[in-house]
Amino acid sequence: MDNRTGNSREASSTRASLELLYNISRELSSALDLRTLLERVLSLSMENVGAINGSIIVVDDNGTPIDSTIIAGDTVHKHTTKRLVETLDRGLSGWVVRERRVALVENTNQDQRWMRRQYEDDGKPLPKSALSAPILTREKLVGVMTLVHPQPGFFGTEHVALIQAIADQAGIAVLNARLYDESQRHAEVMTALAKSASGVSPSLNLEDVFSGILDQTHQAVNSQAVLLALYENQSSALELKAAQSWPKPLVGIAPRKVIGGISMWAAEHDQGVILSDASQDERFSPEEDQPKGVSAHALLCAPIHYRGQVIGTLTAINPKDGDFDQDALLILSGIANLAGTAIRHAQLFEQLQAAHQRYQDLFEDSIDPILITDWNGMILEANRKAVLASDYSKETLYGMPIDQIHKLNHEMVGVDFSELHSGRTFSYESCLCTASGHEVPIQVYVREIETEEQPGVQWILRDITEQKKLDTLRDDLTAMIYHDMRSPLANVVSSLNLLETMLPPKDTAMKSLLAISLRSSERIQRMIESLLDLSILEAGQPVGKRSAASISQIIYESVESIESTINNKNQSIQYKVQEHLPKVLVDQDMIRRVVTNLVENASKYSPADKVIEVGARKDHDLVVVWVQDQGGGIPASEQGRIFDKFTRLKTSNGPKGLGLGLAYCRLAVQAHGGKIWVESELGVGSRFIFSLPIMEE
């Protein structure tokens, strides 16, 4: 009878276990929602063994709790994951996770693995029995289940086997439900980001972009308030740019500096922040992290990026439902990254608009006439000064060819403006042809520019009428002085020559003084002759008195005439003159003065005790002559203008003069069909070179 009773009880227990496993199997196959699955499995398990409390904790691949269910009595507790984190660190669940095996606790008051207050109704430290088992699938831990019975020593080996069977059966289902839940949350995140993307950057107006970012953040994370702060002008502090709150709008929000708080921490560490209780975090600053009228208890903050750099922060305050979680931070970080691109594009557009406005202001208010043409030379734009200077209306100017306004220098700008594609600015003198038929002397500055519609050409037409008048007055005055100086100077030279014949041969002191006077007078004569020739050459008159000449002889005679000047500085001449050079047809006196000027300049600009190189060689049908000094060199910006009249190098301690010598050299060489140029390197020296055509046989 006793055996039959025992067998009957065992059979009944076995049937109950099988029914439980069957019911659990049915629940597992019918539920994909993780929370629902956990509640059903835990409820059935507790009901079968008579447990008063129970919990299931689901962990991710790193062992971090991601979801859980607690049932205490008849109450199902939600949002318990954070509370159960401690049990994974110091409680029975944590021991099971680390050991990967079932734990049987006969008396909770006597087992150190048990942590009190695990369940909300576990207020009294009464002894109980507990059973906890790992939920595994293919050796992979996905969670842990714990059951508690009010009677110490209640659970036995059959319960261990049963809970292990339940855990083994639930493993794959829990993993699948967890993955499904994760995929659902990821889908929600991506949906939220997709919606935010369409709302964040539909505009290039910065205020509209700010408003769109705040609206999309509010909709995505359902927060009470949103703040947006940006770094301003390379500053180390953030500046609050925009803020909104719902349902009541914020009043009196103005840009202000943000130098601390969660927002500054997130920007400096380039890291998102979740605060469930802001008041307990030492990084939180009520003055910095919350707008007036809003009390922040929970807070979410993400850095705003643009091209890998943190440019600001986006902060959400107080979720309306539940707590901020990792998904909310993921959504906020995604919006922040979208915001970075939208903000920077809007800022760049504002800067472009401002630059365009500044250009328009400068264009319209310029004191010089400015015209913009296409590459066919048709006028596209004209400023106010161009309209006034040309006497044409703006409507008439549009569509006119540029060569109808002024005389083009095709040699300078090239055919079809081809030379302008080099990016350089070209300058030449011309005349502005007005609608009334007047011609106004102008200096033209022309270069390629990029306009909004297409590349074009900019023409600046500077009125040089007054400059021309001054140049004419100066030239007339100069010519008058030079002509008036010529006769008296000739008398001085004649008198000095006469005195030289009258001096006793033994009076060396007087002869020395007389020699100095003669050399100085001859130098003045050369300068006057050069200036007179300069006027003739500028007038375009042909060179007279040409004869066949040896360039070698001209070089030696030129150097000999200023040899005393070179000797006074302990300088020396190194000749590199090719032998048997062909003759040239030139005005010998003019070319001699060219060489003399170049050697004199080399001596002036070279330090004492240096060598001046003078050379000549044949190059095809030309004779090339050069003078190399060891001076400080000529900047590249000055090399193109040193041959202009009255041009001097801008040096503080260099030789002074009128700037006429090189201008004379250029005109004299060009009048003989040759060319002159300079090759220079700063700190090394300069080489002045000119070429002359070889005389035809």
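Let's start with the open sheet: five strands in the order β14-β13-β17-β16-β15, with antiparallel pairing. This is a predicted model, where local features need pLDDT of at least 70, side-chain atom pairs count only at pLDDT 80 or more, and totals for chains, interfaces and linings use all residues. Residues are numbered from 1 along each chain as its sequence is written, and side-chain values use heavy atoms, leaving out hydrogens and water.

A quick word on terms. Strands (E, at least two residues) and helices (H or I, at least four) are DSSP runs numbered from the N terminus. Two strands pair if DSSP finds at least two bridges between them.

If you look at β13, residues 370–373, you'll find it joined to β17, residues 455–463, over four bridges in the antiparallel sense. There, Ile-370 stands opposite Ile-460 of β17.

Now, what lies across this sheet? Helix α9, residues 326–365, lies across β13, β14, β16 (439–450) and β17, and runs at about 85° to β14. For angles, axes are lines fitted to C-alpha atoms, for helices over the stretch in contact, and the values run from 0 to 180 degrees between N-to-C directions. Contact means heavy atoms within 4.5 Å.

Please slide along to Thr-465, in helix α13, which covers residues 465–502. Thr-465 touches Val-440 and Pro-441, leaving aside residues up to four places away in sequence. Why do we call Thr-465 partly exposed? Its relative accessibility is 23%, and buried means under 20%, exposed over 50%, partly exposed in between, using a 1.4 Å probe and protein chains only.

Next, the cores. A nonpolar core is a set of buried Ala, Val, Leu, Ile, Met, Phe, Trp, Tyr and Cys residues joined through side-chain atoms within 4.5 Å. The largest has 41 residues, and those touching the most other members are Ile-551, Val-594, Leu-598, Val-599, Phe-688, Phe-690 and Leu-692. Elements giving two or more residues to this core include α15 (551–561), β22 (622–628) and β24 (685–693). With seven residues, α17 gives the most. For a close-up, pick Phe-688: among its contacts, not counting residues up to four places away in sequence, are Leu-598, Trp-626, Phe-643 and Trp-677. There is also a second, separate core of 30 residues, including Leu-214, Val-221, Ile-304 and Ala-328.

Let's stay with α17 for a moment. Its 18 residues reach 26 Å from first C-alpha to last, close to the expected 26 Å at 1.5 Å a residue; the expected span is 1.5 Å times one less than the number of residues. Because 13 of the 18 residues are buried, α17 is largely enclosed by the rest of the structure. At its N-terminal end, Asp-587 is the cap, with a side-chain oxygen 3.2 Å from the backbone nitrogen of Asp-589.

Asn-318, in strand β12 (309–319), has a phi near 60°, positive although the residue is not glycine. Asp-416, in the loop between α12 (410–413) and β15, also isn't a glycine and has a positive phi of about 55°. Which is buried and which exposed? Asn-318 is buried, at 4% relative accessible area, whereas Asp-416 is exposed, at 64%.

Technical notes
Polar contact = N/O pair within 3.5 Å; in protein donor to acceptor, adjacent residues only side chain to side chain.
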